[in-house]
Each structure stands twice: as C-alpha cells, then as structure tokens.
Amino acid sequence: MPKFIPPGTIQRFEDDQDAHEIELFDSGREREMYDNLGDLYSIIMATESLERAYARNAITRDEYTAECNKLISQFRVAERVALGNSMSVETFMQVYQLDCPRAADRLLRIGVPEQMLSNTESHKTAITVAETAERFITTMDALKLETTAVDELQPLLSDLMNALARLPDIPNEFEPNRIVQQWLQKLNLMRAVDEIDESDSRQLYMDLDSAYQEFKRYLSDKKK
C-alpha cells in the first residue's frame, strides 16, 4: 500500500546548483488514484473538524446541518471512487492513521447530521410533514423498482431520516425513527458498491411500510 501523498503534489529537492523535480506517480491513472484517496482523506478530516466545531458551539445549527449534509453526500461518492473493492473505510483510516472518531461515527454509523429539534411554526411543520411523507413514498417506490445498490438506497434513507428528525414533539422512542435508523446503520456498514439481497429488499420495504403507517397514525393523533 503506497504511503498517502496529498493529491496533486510533487516533492522537490534542490542541490547547490540545480532544482530537480521528482514525480511521485508514473502515470495519469496513478495520479488520479492519489487524487481520489486525497479527496476521501480530506472529507473525513473536514467532517471531524465540523463535528468538533459544532460540539464547541463555534457554528450555528443551520451552518452545521448544511455542511454536514454536503460532506455525507460527498463521502458516499468519494468512498466508492477511491476505494472500490480494495479496502473498507475503516482499513483506509487505519492505514493512513486517521484518528477521527467523530467523523467515523457520523459517516459510517449514523449517516445523518446531529439533529436538535426546536419550536417550529405551523407552516414549517406542515412542510416537514409533507416532505417526510414524500421521502417515505420515494424510498418505497425505489424498492418496488428493484433498486438494491447501497449507494442509491443510502441517500434515500438518509433524506428520510433527516425529515423524520425534524418532526416536532415526537416521542423519544418513535418507531419510524428507530426503523429507519436501524436500516441506515446497516447500509452504512456496507460498501457503496454493495447491493442488498432480495430478502433484505423485501424486509426493508415491509419495515418502511410499517413505519409509514405509524407515521400516519402519529399525524392523526396530533389532530385530535
């Protein structure tokens, strides 16, 4: 395994007379490999810094959520492009000595930004409810169309989890949240290039349908 070189960089040495430039890659393909590894490295480091800044109240919730969503999306793509089937992200972090526990937790286990629910005006609540319903339907439709790729299903579940987390006054053990979070964690442990099998696809659809029915009961109870 080559030692990590920041993307696109070359090391220069100078003697007393001349400056000699030494290329650290032998081909365009090798250079692209280093660039892709560097992108993944940078995303993980940026996520760790973001989580630390948010924990110290150095950035606002809105700033954190927007940036975290972007990093999570970029991570899924970078992980697939940089690593493919060569190694897991956990192995990558060990090889390149990335001590980023917050980033690992956010990117590999949770997969959505930290949510802090606050009082929401009625029209904002209505928008969130509509968005949540739409996310449920979109994800279930994807499964009906036999979508099984992790890098296609994970963003759908992540968007659904984000919408559910913004619902006001939900109980701590809200079943739809538990179901979606459980599946999201399972997909986050898989590779972007992996696919779920038919059994998991059917189970995921059934679980989402159950969660959707519970979500609708929650809305009905709120109106009483």
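Modeller: In this predicted model, two residues are in contact when heavy atoms lie within 4.5 Å of each other.

Colleague: Leaving aside its neighbours within four places in sequence, with which residues is glutamate 79 in contact?

Modeller: Glutamate 79 has its place in helix H2. Neighbours within four places in sequence are left aside here. The residues in contact with glutamate 79 are then Leu40, Gly84, Val89, Arg191 and Ala192.

Colleague: What span does helix H2 reach from its first C-alpha to its last?

Modeller: Helix H2 covers residues 61–83 and has 23 residues. At 1.5 Å a residue, the span expected of it is 33 Å. The model comes close to this, and the span reached is 32 Å.

Colleague: Which residues of H2 are buried?

Modeller: An α-helix has 3.6 residues a turn, so residues three or four places apart point the same way. In H2 the buried residues are Tyr64, Thr65, Cys68, Leu71, Ile72, Phe75, Arg76, Ala78, Glu79, Ala82 and Leu83.

Colleague: Which residue just after H2 takes a positive phi?

Modeller: Helix H2 runs over residues 61–83. Just after H2, a positive phi of about 55° is taken by glycine 84.

Colleague: Where is glutamine 97 found, and what is its relative accessibility?

Modeller: Glutamine 97 has a positive phi of about 55°, although it is not a glycine. It is found in the loop between helix H3 (89–95) and H4. Exposed means over 50%, so glutamine 97 counts as exposed, and its relative accessibility is 72%.

Colleague: Where is the place of glutamate 146, and is this residue buried or exposed?

Modeller: Glutamate 146 is not a glycine, yet it has a positive phi of about 65°. Its place is in the loop between helix H5 (122–144) and helix H6 (150–165). With a relative accessible area of 66%, glutamate 146 is exposed.

Colleague: How do the axes of helix H4 and helix H7 cross, and is H4 roughly parallel or roughly perpendicular to H7?

Modeller: Two packed helices are described by the angle between their axes and the distance between the axes. The axes of H4 (residues 101–110) and H7 (residues 175–188) come within 7 Å and cross at roughly 105°. Angles of 65 to 115 degrees count as roughly perpendicular, so H4 is, relative to H7, roughly perpendicular.

Colleague: Which residues make the contact of H4 with H7, and how do they divide?

Modeller: From H4 the contact is made by Leu107, Leu108, Arg109 and Ile110. From H7 it is made by Gln181, Leu184, Gln185 and Asn188. These residues divide into 4 nonpolar, 3 polar and 1 charged.

Colleague: How many aromatic pairs does the structure hold, and what kind of pair do phenylalanine 92 and tyrosine 96 form?

Modeller: The structure holds 6 aromatic pairs. The rings of phenylalanine 92 and tyrosine 96 have their centres 4.9 Å apart and their planes at 65°. Both phenylalanine 92 and tyrosine 96 are buried. Planes over 60 degrees apart count as edge-to-face, so the pair is edge-to-face.

Colleague: Which pattern does the protein chain follow along the sequence?

Modeller: The protein chain has 8 helices and 2 strands. Read along the sequence, the pattern is β-β-α-α-α-α-α-α-α-α.

Methods. Residues numbered from 1 in each chain as written. Predicted model: local features only at pLDDT ≥ 70, side-chain atom pairs only at ≥ 80, totals over all residues. Heavy atoms only, no water. Helix = DSSP H or I, 4+ residues; strand = E, 2+ residues; numbered from the N terminus. Expected span 1.5 Å × (residues − 1). Buried < 20%, exposed > 50% of the residue type's maximum accessible area, 1.4 Å probe, protein only. Phe/Tyr/Trp six-rings, centres within 6.5 Å; stacked < 30°, edge-to-face > 60°. Axes fitted to C-alpha atoms, helices over the stretch in contact; angles between N-to-C directions. Parallel < 35°, antiparallel > 145°, perpendicular 65-115°, else oblique. Nonpolar A, V, L, I, M, F, W, Y, C, P; charged D, E, K, R; others polar.
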